[in-house]
Amino acid sequence: MSSATTPPDSDPTGRRQVHSMLKLYYGMNEEGKVESLDPCDINGPHFDPEVYLNKLRKECSLGELMDHESCTVKQIRSLDSDMQTLVYENYNKFISATDTIRKMKNDFKKMEDEMDCLSANMAAITEFSAHISGTLQDQHAQITKLSGVHTLLRKLQFLFELPARLNKCLELQAYAQAVSAHRRARCVLQQYSHMPSFRGIQDDCHVIMEQLAQQLRQKFRDGGSSAKDLSECVELLLQLDEPAEELCDKFLSHAQSRLEADLQGLEAELIDSLVTDTGGGLVQKTNPGSNPVSPSSSSTTNPFLSPTAGTDILEFIDRGCNEFVSNLCLVIASYQELFINHPQEGELASKKIPEMANGKLHVFVDTLAARYFSLVERRIQEEKGVGDNSLLVRALDRFHRRLQAISKLLPGSAVPSQGTEIVVRAARERIKQYLSALQTFYHDSLTDVRQALAAPRLSVGGASASGGGATSKDATPSLPELLTSLSNFILNQLKSVLASVHLFTAKDITFSNKPYFKGEFCSQGVREGLVVSFIKFICQSSRQYCESAGDRGGSTPPALLLLLSRLCLDYETSTISYILTLTDEQFLVQHHTPVTPVTALCAEAREAAQKLLNHYVKVQGLIISQMLRKSVETRDWVNTIEPRNVRAVMKRVVEDTTSIDVQVGLLYEEGVRKAHSSDSSKRTFSVYSSSRQQIRYAPILIHTFTCAALLVSVLTGIIKISLKTFLECVRLRTFGRYGLQQIQVDCHYLQMYLWRFVSDENLVHFLLDEIVGSAAHRCLDPSPMEQSVIEVICERG
Amino acid sequence: MEDDAPVIYGLEFQARALTAQTAETDAIRFVVGTQSLKFDNQIHIIDFDDENNMINKSVLLHDAGEIWHISGSPADKAVLTTCYSKTSESRVLTCAAVWRMPPEWESGSHESPDDSSNNPQTLELLCHLDNTTHGSVACVLWEPMGDGKRVISLAENHVLLWDLQESSTKATISSSATLEGKGQLKFTAGKWSPHHNSTQLATANDTAIRGWDLRSMSQIYCIESAHGQLVRDLDFNPNKQYYLASCGDDCKVKFWDVRHINEPVKCLEEHSHWVWSVRYNHSHDQLLLTGSSDSRVILSNMVSISSEPFGHLVDDDELSDNEESQQEDKGKEPLRDSIIATYEEHEDSVYAVEWSAADPWLFASLSYDGRLVINRVPRALKYRILL
């Protein structure tokens, strides 16, 4: 019926224009389109013909007006024709519509009749249906009831079948099913337990479940079941209202038995290695005893041999880690899975199982770890050989690393910190062992040096005496060589020990970043405990040489004393600071606690050196004094014959002094002596003039440590001691005429040779004068020998 | 408190022998014997006047020979023994004799000391301790605190116990012992122990110290190599019966407990040459005096091994009565072993040191050049010990 909107013109723009105008006509204002308010718009609604015309007339020329007029006329004509077409079309449509309405009027009449008929039929149907439903009502109720009964019966059947089903499950070992079935029935049974039949079922179920629980427990207790099985068991048992605490205990005791087995394995190994260890030790001990010919090789290598013949510590720790620690971790993990992290619902949650279980776990882990630690510590203590430290460090590292797993699993546990403690203790112990090994090494090297000194070819005294003061430079090591080799030995050993100890602080070792290893280990342990202690030990043992040797009358060879003193002096000047700097650099020591300063150590070394040197002077002085004393005491000076020769003992004295001079000169460079008077050996000395001249016997201590002054002061000391002894001995005797003359000859001889060794030759003169003077004083018939004769005798001798 | 300066007395001869007059308990008196081969030897009796710090001397002539050792009788202050060397037929022999000082020496000396030296009196010989069969005598020891009837002489390797009879005019050997061994053994020093009823003797030969029981004349202990070299002197601790000090050529002074002879109880090494003499103070055995040929005398305080390791516990009769209150006020910490003083007045070797028998705080030392120095224990220490 919208045919009015379809104009015959097919032109789209024209049609739209028509369309819009129609709309305008019908008042359907097209929205969105801005209405043109221009009165000159011929199509706009506000068109004012007057204005338009005026406008045209004003704007356009006549021609244009003519054109416009013709155009407008044309438009008006086309519009008229359009109008006519539309009116016609509408008329046609209107007629056909009237026809259609008429036709419809007839049809509706027919339909009305049919509708009446339908409503009558429907009424009949309604009545019918009401009738039917009234008859079916009873049966429906019955069916509903029956279906209710049916479901109940099915439930009952489940209940009645439950024991059998449980039994079957039990047979099939489908424990989980059984438990879930029982759980479903449990409440009902509980509720209806007053009824005998249900009671029976409940009892049956109870018995069966009891049995099941028994089986589960059995399984739980059985060693063979895997962790997964176990956890399943535990879960089921928990669901069966088994007390969780008991389960924890059982689980733990079960785990404990397995871990104990691991530990026993470890212990057995420990005992094995112990047995082999002592065996090895025995072999070691008998070895040097059986062939004492080569003590140097056995003695030097001995402390650095690893005596463990059995499994080494790395293997042991490996085994411990792989077996015990990993099992422990497994146990902890599964335990936590079961008891702690397991989400509990209902009444289980209220029992605070996690807390209780956690407590138990901690106790369990602690006790087992304590046993493990004690084993490990025993094993570490076995590790006495100081040869290869890397093995121990690696073992400790592994040990420590594996314990970190426990700390991850069990955050609050003290086990890892205890493990760290053990590592720290082991490190401390290690340092002690290294110190004692160093000490043994030092002693052994000294023994070697002593033997080298005792070797006959090296006796510098003999060699130099025969060679007239020239040192024998043959293949055997001389004193300086011994000194350098000794100090190199010690230094190298110390360095290697430092390197070994340094392993403890290596970057890739897990425990190296623990505070102990960063701070205390470096400063207190290595620097103080090892290096400083060792240096102190050297000084102390050197000092001991001074003390022990005094009583036993020179059990220490004097050359060794000299060597040690030079060693100590070297330590003072350079080695100590070198070692300490090396240590500090290697270990990046940060001194939190006060440490021994280098100067203190140097002072100690210096003191030791001085003491040794003084002792050397004393010992050598004593040897010569002894000679002189015996020679004076054993002679009958009253009845001696006229002197023809210098006594042999005086030559010996000069020889020995020369050899000492050479010996000391080997280690300490010769100092500059006082310019000697050229005639000093020819100096005459009168018997009487000197007797009143008093010269104080000053203590013979050497305080100057510059090498220049040292050699001279050592020899001055020795000569002073010897001549003083000579004097005292002379004073105890009574001389005859020739006795005095012999003393004169002897003294002149000494005069000729000894002046060159001392810093101040006057000292020798004074002492010799004193001797001759005392002898003259103690002479019954003092008639001194002619100086020229003395000179002749001395020159001849 | 200023300590008194030492008093020095010079003899004109060299001297080695010094003794305190043991029987004299009132006057401070020392006896020195000179040693001269060419001139007549003398015995100087030196009285020290403590109050005026003065020395009175009297000189007696000892014409038998140079004196090596001298020792006074504990019972009679006029009696003394000397060991002197006698040269005969170009042989030197050291003999021993008992002498009596002439009775007038005491009165004469006080009036004009100068005169007495000009006109010396001679000692009266009581008897010889005849040793022609035994060789040179090293020293003569009186029985400590005895009645002056028994002496021991050490001659070469013999120990001879003499009984003096008839007012010491006759000497007979009552018993003797001989030290046997390799080589030429010779006693160098000895000491009669004041303990055990005077039945023990200690001797030194070479580096060994031996103990003897005088009843059986047998050796009871022997400290082999007690010193590194010759042992020069011995002394018994007057208050501790098993303690003994020794000194020797190794410049050391050692303290021994004769019950444990393997190790010395203590060892001092302060001298730089031979130590010739060691003496315990008679009353305060922590005070020890040593003389050495480094010409020094050292006074040490060995508290730790003395009979009074915790200070003076028993009240001293003279001083404590007045000052008892003070004594308690002073909180005394025990003294430590230490060197109290080193005396360097001597210029030659010091061969003898002696405590005075009368004054326990006074001692004398004698050096070879004949210088006798009398010193006192420093007052500070004296009061420390007493209070």
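Visitor: Where does B:Glu12 lie?

Guide: B:Glu12 lies in the loop between strand E1 (7–10) and strand E2 (15–20) of chain B. Helices (H or I, at least four residues) and strands (E, at least two) are DSSP runs, numbered from the N terminus. This is a predicted model, in which local features need pLDDT of at least 70 and side-chain atom pairs count only at pLDDT 80 or more, while totals for chains, interfaces and linings use all residues. Residues are numbered from 1 along each chain as its sequence is written, chains are lettered from A and ligands numbered from 1 in the order in which they are written, and side-chain values use heavy atoms, with hydrogens and water left out.

Visitor: Is B:Glu12 buried or exposed?

Guide: B:Glu12 counts as exposed, at 53% relative accessibility. Buried means under 20% relative accessible area, exposed over 50%, and partly exposed in between (1.4 Å probe, protein chains only).

Visitor: And which residues does B:Glu12 touch?

Guide: Leaving out residues up to four places away in sequence, B:Glu12 touches B:Gln42 and B:His44; contact means heavy atoms within 4.5 Å.

Visitor: What is the rest of chain B made of?

Guide: Chain B has four helices and 29 strands. Of its 387 residues, 58% are buried. Among its contacts with a separation of 6 or more, 52% are between residues 24 or more positions apart.

Visitor: How many helices and strands does chain A have, then?

Guide: Chain A has 22 helices and zero strands. Buried residues make up 41% of the 797 residues in chain A. Of the contacts in chain A between residues at least 6 apart in sequence, 83% join residues at least 24 apart.

Visitor: How much area do chain A and chain B bury between them?

Guide: Chain A and chain B bury about 2900 Å² between them, with 46% of it on carbon and sulfur atoms. Buried area is the accessible area (1.4 Å probe) that two parts lose on being put together, summed over both. The contact takes 31 residues from chain A and 35 residues from chain B.

Visitor: How many residue pairs are in polar contact across that interface?

Guide: The rule finds 13 residue pairs in polar contact across the interface of chain A and chain B, both residues being at pLDDT 80 or more. A polar contact is a pair of N or O atoms within 3.5 Å; within protein, one must be able to donate a hydrogen and the other to accept it, and residues adjacent in sequence count only if both atoms are side-chain atoms.

Visitor: Which elements of chain A give two or more residues to that side?

Guide: They are helix H15 (515–551), helix H17 (598–633), helix H19 (707–731) and helix H21 (761–777) of chain A. H19(A) provides the largest share of the side that touches chain B, six residues. The residues of this side of chain A divide into 12 nonpolar, seven polar and 12 charged, where Ala, Val, Leu, Ile, Met, Phe, Trp, Tyr, Cys and Pro count as nonpolar, Asp, Glu, Lys and Arg as charged, and the others, Gly among them, as polar.

Visitor: Are B:Asp348 and A:Arg731 buried or exposed?

Guide: Both B:Asp348 and A:Arg731 are buried. A network of salt bridges links A:Lys724, A:Glu728, A:Arg731, A:Glu770 and B:Asp348. Within it, A:Lys724 forms a salt bridge with A:Glu728, the closest N and O atoms being 3.5 Å apart. A:Lys724 and A:Glu728 are four residues apart in helix H19 of chain A, about one helical turn. A:Lys724 is buried at 5% relative accessibility, and A:Glu728 is buried at 0%.

Visitor: What about A:Arg425 and A:Glu421: how do their side chains meet?

Guide: They meet in a salt bridge (3.9 Å, N to O). Both A:Arg425 and A:Glu421 lie in helix H12 (residues 415–454) of chain A, four residues apart, about one turn of the helix. A:Arg425 is partly exposed at 38% relative accessibility, as is A:Glu421 at 44%.

Visitor: Changing topic, how many disulfides does the search find?

Guide: The search of the whole structure finds zero disulfides over all chains, a disulfide being a pair of cysteine sulfur atoms within 2.5 Å. As for individual cysteines, A:Cys117 is partly exposed, with a relative accessible area of 46%, whereas A:Cys329 is buried, with a relative accessible area of 14%.

Conventions: A salt bridge is a side-chain nitrogen of Lys or Arg within 4 Å of a carboxyl oxygen of Asp or Glu.
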